[in-house]
Amino acid sequence: MPKQARAWQRMLSGRRLDLLDPAPLDIEIEDIAHGLSRVARWNGQTSGEHPFTVAEHSLLVEDILGRAGPATPAERLLALLHDAPEYVVGDMISPFKAALGLDYREFEARLAAATHLRFGLPAAPSAALKKRIKQADRASAWLEATQLAGFSAEEADRFFGRPRFEGWRETVLDPAPHMAVKARFLARFAALGAEAGL
């Protein structure tokens with residue numbers, strides 16, 4: 001009988017996360033912040049001394065959601081955690097995710113649900129909130145594409161649509177060292193959690 005392949009990863013916190021059946025109690029915010037602050041967006045194909053990380057992207061998406069309209073602290077927390085599974089699986093570009101198909105998306109959805117439950121949030125955002133987070137995500141992608149990834153505004157318009165939130169023209173992206181980003185991510189998570197009473 002063939003030996004079953006290992007399907008878990010040990011985190012720096014000491015937790016052992018089963019990737020196929022993630023348990024909420026095996027998820028720690030420090031592990032998420034650490035991982036996301038080291039995962040580069042755009043497969044690292046960005047300008048500047050430091051990569052623009054998924055943690056920075058997540059902070060930007062949460063900020064955009066708040067600037068685009070009213071959002072509760074819990075909704076903003078869901079936006080901050082919208083790419084949390086990438087602390088384990090990395091940031092796969094959308095065209096590659098689409099090529100992999102539905103099984104990959106289900107895997108990501110299970111990990112996202114476990115993450116949300118771990119922090120007292122609904123397993124999945126409502127359809128309306130999911131749409132708002134996706135709009136903020138696309139606005140973030142437009143800013144990243146044009147400021148860091150070499151896209152023209154016209155090209156970014158075609159792929160992501162022009163941002164439509166207050167102050168988007170003044171938003172300047174400045175990738176920071178990963179430990180500074182990790183600290184910002186943890187501080188924002190703590191602030192939103194306290195506001196949400198979680």
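Q: What do the side chains of K134 and D137 meet in?
A: They meet in a salt bridge, with N and O 3.5 Å apart. The term covers a side-chain nitrogen of Lys or Arg within 4 Å of a carboxyl oxygen of Asp or Glu. K134 and D137 are three residues apart in helix α7, so about one helical turn separates them. The model is predicted: local features need pLDDT of at least 70, side-chain atom pairs count only at pLDDT 80 or more, and totals for chains, interfaces and linings use all residues. Residues are numbered from 1 along each chain as its sequence is written, and side-chain values use heavy atoms, with hydrogens and water left out.

Q: Is K134 buried or partly exposed, and where does D137 fall?
A: Buried means under 20% relative accessible area, exposed means over 50%, and partly exposed lies in between (1.4 Å probe, protein chains only). K134 has a relative accessible area of 44%, so it is partly exposed. D137 is at 15% relative accessibility and therefore counts as buried. Of the 198 residues of the protein chain, 43% count as buried.

Q: How many salt bridges does the structure hold, and which parts of the chain does the R41 and E144 pair link?
A: The structure holds nine salt bridges. In the one between R41 and E144, the closest N and O atoms are 2.8 Å apart. This pair links distant parts of the chain, with R41 in the loop between α1 and α2 and E144 in helix α7, 103 residues apart. Both R41 and E144 are buried. Elsewhere, a network of salt bridges links R15, E28 and R118.

Q: What does R76 touch?
A: Contact means heavy atoms within 4.5 Å. Not counting residues up to four places away in sequence, R76 touches E62, D63, L65, G66, A71, R188 and L192. With E62 the side chain of R76 forms a salt bridge (2.5 Å, N to O). R76 is in helix α3 and E62 in helix α2, 14 residues apart. R76 counts as buried because its relative accessibility is 18%, and E62 is buried too.

Q: How is the secondary structure counted, and what is the pattern along the sequence?
A: Helices (H or I, at least four residues) and strands (E, at least two) are DSSP runs, numbered from the N terminus. The protein chain has nine helices and two strands, in the pattern β-β-α-α-α-α-α-α-α-α-α.

Q: Which side of a helix faces inward, taking α9 as the case, and which are its buried residues?
A: In α9 (residues 178–196) the buried residues are V181, K182, F185, F189, L192 and G193. They cover an arc of only 105 degrees around the axis (taken from the directions from the helix axis to the C-beta atoms), which puts them on the same side of α9. They pack against α1 (29–36), α2 (54–68) and α3 (73–80). On the other side, A194 and E195 are exposed. Just after α9, G197 takes a positive phi of about 75 degrees.

Q: Which residues touch the most other members of the largest nonpolar core?
A: In soluble globular proteins, nonpolar side chains tend to be buried together. A nonpolar core is a set of buried Ala, Val, Leu, Ile, Met, Phe, Trp, Tyr and Cys residues joined through side-chain atoms within 4.5 Å. Of the 48 residues in the largest one, I27, I32, L81, Y87, L143 and F185 touch the most other members. Helix α7 gives the largest share, eight residues. Beyond its neighbours within four places in sequence, L143 is in contact with residues including L60, I64, F165 and W168.
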